[in-house]
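Please look at the sequence and the 3D structure below.

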Amino acid sequence: MVGSISFLGFGSGQDFNKIVDALVEARKTAYIKPLEDRKANINKKLDTVGTVDSAMSAFYSTLRGMDRVNELMVRSASSSDENVLTASADSNAAINTHTITVNQLAQAATEVHHGIQNDLELHNGVTDQTASINDSGSDKTFSYSYNGTTSTITVNSGDSLQDLMNDINNASDNPGVTASIVTSNGYDHLVLSETDPDPSLSITIDPDNDMTMNGSDGTTDFTASSFKQTINASGTDKVFQFRYGDNSPVNLTVVTGSTLEDLKNLINASNAGVNASILNDGGTGSGSQHLVLSGDDTGSDYSIVMNPDSGTTLDGTGGTEDFSNASGVFQETQAASNAQIRLDGYPSSGWIERSTNRISDLIEGLSINLSGTGSSVVGVAVDTDAVVEKIQEFKDAFNKVRTAIKDATKYDTSTGEAGSLIGDASLQIIKSRLDNLVSNVAPGFSDPDDVYTNIEQIGFSTDTLEGSETEGLLKLDTSKLEDALKSNPDAVVRLFSSYFDGVTDDSRISFASSLDTATPGVYQVEVDTDNERGRFKLNNGDWGDWVSLAGSSGNYSLTGMSGPEAGIALNITYAAGTGTHTAELRLRNGIATSMGSEMYDLMSSSGPISSSKKNYNDVIDGIDNRIAAEEDRLTLYEDMLKKRFAQLDAYMSRMTQISQSFDSMVPKWE
């Protein structure tokens, strides 16, 4: 601070800074320390609220994983012969056994080319076939082998590509190779081909690695790396054509110099539903390399047709390999076919067909994967262990919420220690609302219409032993739960996971659907066919407004428009003019479903947890403001003390000087 006093006592020799510091610290202890202590206490409360909130969030996640029947009703499927098929089941699969016979697997089409018949070796090329390819000033050699015989051609200084072609063709030791020149894209290429094509043989360039036409000493490189085996040595673009399934024919442009690998890549890049690969059959010669086309899809609709519109110009003429549809060029090694099965002997003649080996539309809720032919017995059962595990997870997650609330609100009479949130109303609200759902009948369930109406009937209880470590927590008798699952698994799962599931006691006033705007519970329904209207009454409530029936006589629908029944839809098959009919509707929500909805409300921005967080944060903000104000006052107080002690210091300094002056005027006697 500008003008502030930092050092006191220089004039008087007294250390007034210590006195100021002590007075400031005393005031801080009296006015600020209590506020800081209170803030620490509120922060502790806020941390505890966070602990409860975290436990509630984990419980909510657990509930979301089991608040629908198909999430909790875990069913398993077994196969007596997994070499024939494997199976899996969801909650819609009926508990049963089925015999499935597989006559044929679904297969994808496969076409295999007969292999490279005429080995076409294409050189990289030169810009002028009449220009010299040997400027070394001395003779060089070009060599190749075929059918076990090596031919070495002398390339004189100044010879051109045309000269080399003629020398190869006219050589006395030519073992059966024809040389030609093809022009493409401004380059002249030397092509070596078999005079009499033999797929068991192939041409080898520079077999002994001693060729002197190797790109050095003014020569053009004719070593093996400068040649490639091509399927198009014609000098013009050619077309490879095929069709997959019902699609239009695919026409691929194959440029001069393309290799079998290039053709494979062109097919795969076309994204036509066909995968191309190259098969090496392990034989000798060019014919050991086969182009293979395989369909991506199984089923008889996905055949591969080669050259469907006679559009393939890679036909074995004019310096090309034959990829046309000529006899024997392609062999269908696997036909596109459907899977053929029988279910429990049906049909007695013929087969049920599917285009894939993964079948999920044969039996509701059951998926089967075919892997071989033969018969297998498929059994569907409830996976009791998996259901028990999910219900145990429910218990554990619920108990963590209860434990967090218990720890936050406990009071130890022996030590006098209290939880940081003892007396907190928000936690009492949460505990009360969750306890009601655990202890009461599930919404919309009633005895004896429902086998189970509360979780106590399937093995749950609350530990009421005072002083127990688990006092107030849920306990689960897994043996009782397993017995209930064996006896009636659907009833157990409904008790936990029903979601606006409705049932009536009159088949002619039947439940159709419900939105989550409705209130689960037991309703009385009254249908007046004379006036074509209907209404609902939730038990212990009042009758709702009359609502006009939609539809026509014998095919009515009734939809609740407001009140607790808003969103409930019923189908009514009573004819017009048949009087008044009544029914009981049970709109059921399971324990997990109801708790999930309750947790969502409790954790919402308007719920007690959010309210507590906001209140405590508001208190902390208020304390921070008060601390800031007290710190400002403390700074002013310190400045005031320093000024006063500075004045005292100056006064004492003057008194000392006066005293010393008087002393100097008094004579000293010896």
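## Helices α1 and α11

The crossing of α1 and α11 is right-handed; a crossing has this hand if the near helix is turned clockwise from the far one by less than a right angle, and is left-handed if anticlockwise. In this predicted model, local features need pLDDT of at least 70 and side-chain atom pairs count only at pLDDT 80 or more, while totals for chains, interfaces and linings use all residues. Residues are numbered from 1 along each chain as its sequence is written, and side-chain values use heavy atoms, with hydrogens and water left out.

Helix α1 covers residues 16–31 and helix α11 residues 608–665; their axes come within 10 Å and cross at roughly 155°. Helices are DSSP runs (H or I, at least four residues), and strands are runs of E of at least two, numbered from the N terminus. Axes are lines fitted to C-alpha atoms, for helices over the stretch in contact, with angles from 0 to 180 degrees between N-to-C directions. The two helices α1 and α11 are therefore roughly antiparallel to each other (angles over 145 degrees). On the α1 side the contact (heavy atoms within 4.5 Å) includes F16, I19 and Y31, and on the α11 side E630, L634 and M652 are among the residues. By class, this contact of α1 with α11 has 12 nonpolar, no polar and 6 charged residues. Nonpolar means Ala, Val, Leu, Ile, Met, Phe, Trp, Tyr, Cys and Pro; charged means Asp, Glu, Lys and Arg; the others, Gly among them, are polar.

## Helices α2 and α11

Helix α2 (residues 33–64) also has an axis within 10 Å of that of α11, and the two cross at roughly 160°. They are therefore roughly antiparallel to each other, and their crossing is left-handed. Among the residues that meet are L35, I42 and M56 in α2 and I609, Y616 and E630 in α11. The contact of α2 with α11 divides into 12 nonpolar, 3 polar and 9 charged residues.

## The whole protein

The protein has 11 helices and 33 strands. Its radius of gyration (over C-alpha atoms) is 47 Å, well over the 26 Å that the globule rule gives for 670 residues, so the protein is more spread out than a compact globule; the rule is 2.2 Å times the number of residues to the power 0.38.

## Residue K406

K406 lies in helix α6 (residues 384–409). At 29% relative accessibility, K406 counts as partly exposed, between buried (under 20%) and exposed (over 50%), with a 1.4 Å probe and protein chains only.

Terms used
Angles under 35 degrees count as roughly parallel, over 145 as roughly antiparallel, 65 to 115 as roughly perpendicular and the rest as oblique.
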